[in-house]
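Trainee: I am new to this structure. Please take me through one part of it closely, and then show me how the surroundings connect.

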Amino acid sequence: MGRVEESIDVDVPVRVVYDQWTSFERFPEFMEGVEEVRQLDDLHAHWKTKIAGLSREFETEIIERVPDERVSWRTSSKNVKHTGMVSLRPIDATRTRVTMIMEFQPTGLAEKAADKLGVLDRMVSGDLRRFKHFVEERDTAGDG
């Protein structure tokens, strides 16, 4: 099983970060390869992704949600197996450290090779950088 852990500091308060991170349907705006996330209910979402030409649809289930602190999830589909957690830690009143941890089971030769080459690590790092820009710009614009 592969594992990725990446962190980034964002220049907005933890409440703004939490509110944006739990707006799952906005994920395509900053997550590479995510085409759509549709919230099904408070605990479930349906995802459409296309990564390296491979399209997938799957569902996730929120298994823990602690406001302003963390969100944990797992897939509930058989074709995609991963779990994850985003934790939020206030640095001070206006800055937050965001840490994402994902564990996944690569299937097929291409996914196993991508795992060995650190492709997911780079994707998660890029997603966090784009999230930083996304949440800081929204907060500056008064949308946070």
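Mentor: Thr 99 sits in strand β7. This is a predicted model, so every value here comes from computed coordinates. Is Thr 99 buried or exposed? Its relative accessible area is 12%. Buried means under 20%, so Thr 99 counts as buried.

What does the side chain of Thr 99 meet? It makes a polar contact with the side chain of Ser 7, at 2.7 Å.

The side chain of Glu 103 forms a salt bridge with that of Arg 3, with N and O 3.0 Å apart. Which parts of the chain does this pair link? Distant ones: Arg 3 lies in strand β1, residues 2–10, and Glu 103 lies in β7, residues 95–104. The two are 100 residues apart. Both ends are partly exposed. Arg 3 has a relative accessible area of 46%. For Glu 103 the figure is 29%.

Now widen the view to charged pairs. How many salt bridges does a search of the whole structure find? The count is 16. One of them joins the side chains of Arg 38 and Glu 36, N to O, at 3.9 Å. Arg 38 is partly exposed, at 36% relative accessibility. Glu 36 is partly exposed as well, at 29%. Another pairs Arg 70 with Glu 69, where the closest N and O atoms are 2.6 Å apart. Arg 70 has a relative accessible area of 22%, which makes it partly exposed. Glu 69 is partly exposed at 35%. Salt bridges with shared partners also tie Arg 3, Glu 5 and Glu 103 into one network.

Strand β5 spans residues 70–75 and runs antiparallel to β4, with six bridges joining the two. Within this pairing, Ile 62 has Trp 73 in β5 as its bridge partner. Three residues lie between the strands of the β4 and β5 hairpin. There, Asp 68 takes a positive phi near 65 degrees.

On its other pairing, β4 meets β3. Strand β3 covers residues 44–51, and eight bridges join it to β4, again antiparallel. Ala 45 stands opposite Thr 60 in β4. β3 and β4 form a hairpin too, with two residues between them. Ala 52 in that turn has a positive phi of about 50 degrees.

Finish with a residue in β4 itself. Ile 63 belongs to this strand, which covers residues 54–66. Is Ile 63 buried, exposed or in between? At 44% relative accessibility, it counts as partly exposed. Which residues does Ile 63 touch, not counting those up to four places away in sequence? They are Ser 72, Trp 73 and Arg 74. Trp 73 is also the bridge partner of Ile 62. As for Gly 84, its C-alpha atom and that of Ile 63 are separated by 9.7 Å. The two residues are 21 apart along the chain.

Methods: Residues numbered from 1 in each chain as written. Predicted model: local features only at pLDDT ≥ 70, side-chain atom pairs only at ≥ 80, totals over all residues. Heavy atoms only, no water. Helix = DSSP H or I, 4+ residues; strand = E, 2+ residues; numbered from the N terminus. Buried < 20%, exposed > 50% of the residue type's maximum accessible area, 1.4 Å probe, protein only. Contact = heavy atoms within 4.5 Å. Pairing = 2+ DSSP bridges. Salt bridge = Lys/Arg side-chain N within 4 Å of Asp/Glu carboxyl O. Polar contact = N/O pair within 3.5 Å; in protein donor to acceptor, adjacent residues only side chain to side chain.
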